Amino acid sequence: MKKIKTIIAGIMLISLLVLATALTWLYSKVDSALPVLNGKKTVFGLTTTAIIERDKQGIATIKAQNRADISVALGFVHAQERFFQMDLLRRNSAGELASLFGAVALDYDKSIRRHRFRDRARAIIAQLPQEQLNLVKAYTRGVNQGLKYLNSSPFEYLLLQQEPVQWSEEDSILTIFSMYIDLQYHDGRRERTLGLMKAVLSGDVYAFLDPKGSIWDAAIDGSRLPQASMPKGVWPSASSFNIENRTTSELASNKEDKYQGDHLPGSNSWAISGALSATGSAILANDMHLGLRVPNTWFRASFEYPNEIANSSNAIAKQIKVTGATLPGTPNMVIGSNGNIAWGFTNSYGDYSDVIALTSNADDNQYLSPTGYLDFTFHKQVIAVKGQKAQEITVRETIWGPVIGKNHQGDLLAYRWVAHDKEAVNLVATELERATTVDQAFNIAARSGIPSQNMLVVDKSGDIGWTIMGPIPHKKGMIGETPSSWSSGKNGWQGYLTPEQYPQIKNPENQRLWTANSRVVGGEMLEKLGNGGYALGARSKQIRDNLFNLEKFDEQSLLKIGLDDEAVFLQRWQEFILKSVLTEQVLAQHTNFKQVKSLLEKAEALRASIDSVSYRLIRNFRINLRNSVFFELNNSLTNIDTTFNFKSIRNQIEVPLWHLINEQPENFMMLGEASWQDVFTKALDLTLADMTDNQALEAATWGQQNNSAIKHPLSSALPLLNYWLDMPNKALPGDSYMPRVQGKTFGASERMVISPGFESEGLFHMPTSQSGHPWSPYYGKGHSDWEEGIASPFLPGKTAYKLTLLSY
């Protein structure tokens with residue numbers, strides 16, 4: 001017995017030693033992947049010495065003697081802090097995620113490979129102007145040197161049992177293509193959805209469900225568009241659909257996803273001219289809304305270098321100092337201020353793609369073009385899959401773009417997208433670092449290759465302006481929001497707008513500008529941009545109204561607008577529930593509704609505050625009612641064509657929904673219940689059931705539901721590491737239809753308020769932190785300022801770390 005105990009003790013001791021050795025090795029590997037913060041390193045590609053200073057939050061100030069060396073140093077620091085994030089961005093657009101994550105990413109890779117973005121990235125690199133190409137090459141050298149100087153690969157590769165692949169010039173182009181995928185439709189889903197609706201619904205029904213205008217419109221040029229009237233005949237035609245009775249369980253399913261906000265990648269931005277500021281310099285605010293994860297999309301930095309085109313008569317321009325946010329994977333400053341101008345973006349949602357209905361021959365091996373029938377071209381794509389044999393797919397293409405599927409009638413569809421053209425990506429945006437006026441920025445914007453954005457730009461002299469930054473296709477013929485045939489040559493694209501043709505608004509009479517992903521302009525300017533799925537104007541309208549409530553502004557007052565969580569959008573819904581849902585008859589039959597009535601009759605302003613039960617109740621009721629009213633239509637259209645995507649049109653559905661529930665027409669044949677009142681009652685019942693699941697109604701606050709879940713991409717697969725990798729969960733105020741856009745995994749990826757020439761008074765928030773390494777001394781620093789809306793400085797603070805990069 002004693003001998004057995006001795007053997008067991010020996011085995012346990014050996015096991016502990018093995019475990020300790022393994023943990024020590026693991027610790028050393030993870031620790032070795034920390035970036036170099038201090039000292040000196042010799043870096044290939046530098047022409048002279050470059051310095052990287054970081055403050056206690058890790059915000060980098062890069063100083064060099066020319067712009068190319070800035071690119072080398074920026075690439076170095078990006079690789080040291082964020083290489084895995086950069087790798088995901090290039091793999092995302094190249095359709096190469098399966099090589100890292102295995103078969104789980106294979107279907108996504110297949111859907112992206114039809115765009116052949118790696119091939120397109122190589123073609124763009126081959127035709128870049130020399131000055132831009134030099135910046136990309138310099139950045140690439142810096143990235144690979146930064147990766148080399150890590151003593152161990154970034155910890156994510158250790159967990160995935162992979163090795164990082166070196167950066168190439170084309171990867172920076174792929175990074176921007178990844179933003180195209182995030183910010184624009186890569187599969188034509190909205191246009192295909194509207195096309196199906198137009199094909200199977202009558203004209204008046206389609207117009208009603210695809211409204212052009214609403215009471216929420218807040219275009220900066222004051223333009224308004226009409227709303228379509230309620231269809232008069234029986235609709236939809238029951239003969240067009242296979243209608244089945246739904247069940248309560250179907251409506252109640254998927255609770256978590258159902259109550260996620262109507263988020264779409266976008267942003268808020270607003271500006272006031274120098275006439276309304278104390279300093280005479282204009283002021284800009286910008287919140288860019290994206291999905292949130294660890295690390296954040298952006299990396300804060302400041303560049304300092306001599307202006308290589310400065311002249312003796314312009315002393316201000318001799319030295320460039322530009323501060324803001326960079327995108328790891330690219331060498332330019334995305335948003336920021338250079339002391340003379342400041343600029344920011346919101347996603348445009350103009351029409352930058354078109355679905356083309358093809359006329360093909362009987363064998364589907366040719367398609368009709370303006371010059372007759374042409375053969376399809378085919379491109380083989382090999383997709384590497386971790387742990388499995390590589391898979392090969394074939395991409396079929398037309399002269400307009402790749403084939404993306406078939407419509408409900410079996411016709412092949414092709415996709416024409418700005419992202420497929422050489423105009424899609426360039427580095428013209430780096431010229432903003434040297435611009436000194438709004439007019440100069442306008443010219444740069446019109447020549448830039450990025451996913452097209454609303455750009456607000458302000459300057460030190462007090463001017464403000466709006467334009468589109470990024471390529472705008474010049475279209476001819478009957479091209480709109482639904483698929484069309486281009487075979488006759490009457491429809492198509494005729495290149496891109498020239499800078500002289502770009503829509504612009506400068507120094508409006510009211511001295512204010514605002515954009516928030518909704519329609520910005522009307523008339524000829526709107527005709528140039530088209531409608532690619534604008535957001536409902538609720539955020540724009542609330543920002544505009546807040547701007548007109550004040551006559552003088554500073555940075556703090558503009559930040560306050562960005563943190564506004566008043567639920568203006570839902571106030572009419574609150575009144576609707578009280579007047580049209582909670583009738584005396586309903587209250588008599590549903591005694592639990594009396595508590596709802598008591599809650600909603602309280603006098604305080606409705607806000608998306610973390611302690612509000614009323615806000616959560618009204619918001620979720622609206623979603624349940626919307627889903628109920630359009631349930632049959634959604635299901636029937638999906639049965640006709642599985643590519644139908646209700647999510648792509650759900651923002652515009654608010655307009656017809658409001659008309660339907662208030663007018664309660666008897667000719668709407670897809671109600672699903674015996675009466676409109678039954679629809680209202682069941683939606684409220686479902687809302688309460690979800691909110692009171694294992695708790696009292698008064699405990700069901702908005703903060704309980706809107707609890708942040710900002711995670712590292714690998715943490716879901718490695719739950720034991722959640723504590724170290726993810727940001728702490730926190731109840732957040734704000735929501736979709738108000739300036740303070742915040743959801744569980746979506747929201748302001750930055751908040752910036754800045755006045756050129758007065759950057760020391762500027763403000764900046766960013767979730768998560770600068771670092772991608774959980775053991776970094778500044779991992780998570782600054783995140784609480786973003787959560788709480790605490791005013792934190794735009795400029796980097798006092799230097800805490802200094803790294804000198806030496807040239808060979």
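In this predicted model, β10, β16 and β15 form an open three-stranded sheet, in that order, with antiparallel pairing. The edges belong to β10 (353-357) and β15 (403-406), each of which has a single partner strand, so one side of each is left without a neighbour in the sheet. Neighbouring strands here are turned by 30° against each other on average, direction ignored. The points below start with this sheet and then move on to other sheets, loops, helices and cores.

- Strand β16 covers residues 412-417 and runs antiparallel to β15, with three bridges joining the two.

**The five-stranded sheet**

- Another open sheet has five strands in the order β22-β4-β5-β23-β24, again with antiparallel pairing.
- Its edge strands are β22 and β24 (763-765), and each of them pairs on one side only.
- From one strand to the next, the twist averages 10°.
- Within this sheet, β4 (residues 266-272) pairs with β5 in the antiparallel sense over seven bridges. Asn268 stands opposite Asp287 in β5.
- Helix α15 (residues 538-548) lies across β4, β5 and β22, and runs at about 160° to β22.

**Strand β7 and its partners**

- Strand β7 (residues 319-326) is mostly covered, with six of its eight residues buried.
- Eight bridges connect β7 to β6, and the two strands run antiparallel. Ser302 has Thr323 in β7 as its bridge partner.
- β7 also runs antiparallel to β8 (residues 333-337), to which four bridges join it. Here Thr326 has Met333 in β8 as its bridge partner.
- The hairpin of β7 and β8 has six residues between the strands, and Gly329 in this hairpin takes a positive phi near 115°.
- As background for reading these strands, side chains in a regular strand alternate between the two faces of the sheet.

**Backbone details worth a look**

- Most residues other than glycine have a negative phi, and most peptide bonds are trans. The residues in the next points depart from that pattern.
- Val294 and Pro295 are joined by a cis peptide bond, with omega about -5°. Pro295 lies in the loop between β5 (283-291) and β6 (299-306).
- Asp364, a residue other than glycine, has a positive phi near 60°. Asp364 sits in the loop between β10 and β11 (366-369).
- Asn507 also has a positive phi, near 45°, and lies in the loop between β21 (504-506) and β22 (512-515). Its relative accessibility is 32%, so Asn507 counts as partly exposed.

**Packing of helices α20 and α22**

- Helix α20 (residues 613-629) packs against helix α22 (residues 654-663) at an angle of about 85°, with their axes 11 Å apart. The two helices are therefore roughly perpendicular to each other.
- On the α20 side, the residues in this contact are Arg622, Leu625, Arg626 and Val629; on the α22 side they are Glu654, Leu657, Leu660 and Ile661.
- By class, the contact of α20 with α22 has five nonpolar and three charged residues, and no polar ones.

**Nonpolar cores**

- The largest nonpolar core has 157 residues, and Phe177, Trp466 and Leu558 have the most contacts inside it.
- Helix α2 (residues 67-94) gives the largest share of this core, 13 residues.
- Leaving aside its neighbours within four places in sequence, Phe177 is in contact with Ser93, Phe117, Arg120, Ala121, Ile124, Ala419, Ala424 and Val425.
- Another core, of 64 residues, lies apart from the largest one; among its residues are Leu201, Tyr206, Phe593 and Ala700.

Conventions
Residues numbered from 1 in each chain as written. Predicted model: local features only at pLDDT ≥ 70, side-chain atom pairs only at ≥ 80, totals over all residues. Heavy atoms only, no water. Pairing = 2+ DSSP bridges. Axes fitted to C-alpha atoms, helices over the stretch in contact; angles between N-to-C directions. Buried < 20%, exposed > 50% of the residue type's maximum accessible area, 1.4 Å probe, protein only. Parallel < 35°, antiparallel > 145°, perpendicular 65-115°, else oblique. Contact = heavy atoms within 4.5 Å. Nonpolar A, V, L, I, M, F, W, Y, C, P; charged D, E, K, R; others polar. Core = buried A, V, L, I, M, F, W, Y, C linked by side-chain atoms within 4.5 Å.
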